[in-house]
Amino acid sequence: MKYLDRETFIHRLDPRTKILLGFMVAILIVVLKKPSELFLLFFSVLILFGILRPAKSTVKAMFIIMITALVFTMISQGFFYSLEPRTIIVTILSPDSGFLGNITGGISMYREGIIYGALQSLRLFSAMLLSAVIVMSTYPSDLLLGMESMGMPKRIGFVITVSIRFIPSLLDGARRILLAQRLRGLKVKGIRGWFRAFYRLLPPLIIDSLRNARRIALAAEVRAFTGERTKLKELTFSPRDWTFLGLSTAGMFMLILCQEILL
Amino acid sequence: MITIDSFSYTYPYANLPALQDINLRIEPGEAVLIRGASGSGKTTLLYCLNGLIPHVFAGSSCGSVSLNGFTPLEKPLREIARTVGTVFQNPESQIFMMRVEDDVAFGCENLCLPREEIISRRNEALHFMGLWDMRHKETFKLSGGYKQRLAVSSIYAMQPDVFLFDEPTTDMDGESRKDFFKIIKGLKDKGKTVILVEHQYEDYLPLMDRVVNMEDGKIAENTASAKTFLPTREAAVLSSSVISMQQVCFGYDRKINVLDNIDIMIGKGEIVAFCGDNGSGKTTLLKIMSGLLQPNQGEITILNIHKPALEHLVGRVGFLFQNPDEQLFAATVEKEIAFGPGCLGKKTDVERYLEIAGLKAKRLSHPQTISRGQRQILAVISIMAMEPEIIILDEPTTGLDNKTWHKLIALLYDYTDRGGTVVFSTHNERAASLAGRKIIMHKGRTINDEISG
């Protein structure tokens, strides 16, 4: 999941608007209970995702993850659903089928469990898709800027910026170390082999990172870094943001009200 | 103006002073080269000028340092940074932001300048350093040369009077070094004071007003140090070929060929250096020779194996990556040497290898705690201990001073005397001249193949 360089209206929204939208969706995920409304929530987030015109491979990956998660949650919830009333669809092991049936109390699949699993998945997917929308439409540094202006300490913001910035070089380093091990004859086969390789990967990787950290610290010192600084980029709330926030807040309350009144 | 008066400095927990009785005056606008072996105190001297000593490294000192009329102790680092800017060796660890233009502004933001001021300084720096067209690029996508240029830009935007460079071009190829020459010239023309520490300094001499030699923490007399004696070798006779490549082509994707019709024969006992700029295909060629990559086209035979895969060559061909630190994973120096042979189920004489590496005293030290030069030697020795028939080294000279490089090449000659073959790549022409044979590469082709006597 990476930033997508596009010019959509979601990209142009202030990062704070998107973070607030995240909070709203989180509230809805907890509050909403009816299948139709959860589906509506999922569908709205899906539309936002669609507006970003994500690459085919991203859509494919998302789809595979979601389908797998959906099937697994539905099946597992189907078996382990314990609230009454529950309707049995299939019985795999009846409670009176001897020893196994006795200790397990019988294994059956329940209709309510499957529905419950589907709903849980809808909740999970809404959250997942919205995080994807935020990450794909906001440049990492802008997202941090948004968080900082909403109260996150600046030093933590700097730490996160630097760590994101160094992920690619850390991965490269790890890749080279593993290759160097193979070239020295280490055979990476089976779980034990992987464990051995990993055990030998960590010391050089960590020590190299520490050396690097020291160099980075010195470079930050000579660039006058103290934590207190002018922010070149300032976030501005545009009418677009206000409109979007207004509409989403209205939408959120409508969904909640509908649920409470129509129940 | 910079004045250093009988200044001595000792690092915390160190027994010996790193700098002893330094006297130096540098006029505004002067360009000074500081040279000397590793550990001679060059970097420490720079730290005294940019305030890292005493603000980050405590230690004890006597004598005085004065920068434009103030001492580093009087002012916090943030204030010193307005006068003195420092560019370090590794550009990777000097870039903080994800986008080029954000990184150029990083230092100015830290100086808490007004926003308009930052923008104008940033844009000026981008133009001056020729980075304007790539200002929106992601920093990790830049090439090594451009990353270093970016590191200079971010210092430049802070508008210091004095620029300190601590081995800024060690990791660069000839082309990028030429570019860097222009940058330093540009700074000098603007009236900035430039103090440069560099091992491969020859290219920069025309720009320098003065050369300061350092030795064991002191400023030495202007005498050339005695050259390390190296036996001259006769070119190895092409007895039997261990590497043979015919019309080898390779590309990481189908459109661009990184290697274009390579024909090479390397005989047993040879030491061959591949020279050329970044992107000329040196590293790719070495990776093919070691079985890490397979050619798309052409014939290749290594140690009498036709088109070998990596599995065939592990243990028989040793490969050393550029950064030795990523290749030392054992708990002690002696275990490091025994690691490769152990994996291959071979017996090895650790004592002898410790002896020739000169690391006997450090046998129980953790490999990551010995000095940079020793780590490079250890990485090579650990490969030698596997008794491979060929050793391939990718840029082994990076970050090494001449003394260590001479020691390393002597080890490699010793190894070829025992029947081994050595292939290495380097963008340091002088390092290459110590090899028996030098092959120059350009844009994926070999353009010159000469045997030096």
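Of the 263 residues of chain A, 25% count as buried, a residue being buried if 20 or more other C-beta atoms, placed from the backbone, lie within 10 Å of its own. The model is predicted, so local features need pLDDT of at least 70 and side-chain atom pairs count only at pLDDT 80 or more, whereas totals for chains, interfaces and linings use all residues. Residues are numbered from 1 along each chain as its sequence is written, and chains are lettered from A in the order in which they are written.

**Overall form**
- Chain A has ten helices and two strands, which follow the pattern α-α-α-α-β-α-β-α-α-α-α-α along the sequence; helices (H or I, at least four residues) and strands (E, at least two) are DSSP runs, numbered from the N terminus.
- The radius of gyration of chain A is 25 Å, well over the 18 Å that the globule rule gives for 263 residues, so chain A is more spread out than a compact globule; the radius is taken over C-alpha atoms, and the rule is 2.2 Å times the number of residues to the power 0.38.
- Taken along the principal axes, the C-alpha atoms of chain A fill a box of roughly 75 × 60 × 35 Å.

**Contacts along the sequence**
- Among contacts in chain A between residues at least 6 apart in sequence, 78% join residues at least 24 apart, with two residues in contact if their C-beta atoms, placed from the backbone, lie within 7 Å.

**Packing of H3(A) and H6(A)**
- Helix H3 (residues 35–51) of chain A packs against helix H6 (residues 111–137) of chain A at an angle of about 20 degrees, with their axes 9 Å apart.

Terms used: Axes are lines fitted to C-alpha atoms, for helices over the stretch in contact, and angles run from 0 to 180 degrees between N-to-C directions. A residue is buried if 20 or more other C-beta atoms lie within 10 Å of its own, exposed if 12 or fewer, and partly exposed in between; C-beta atoms are placed from the backbone.
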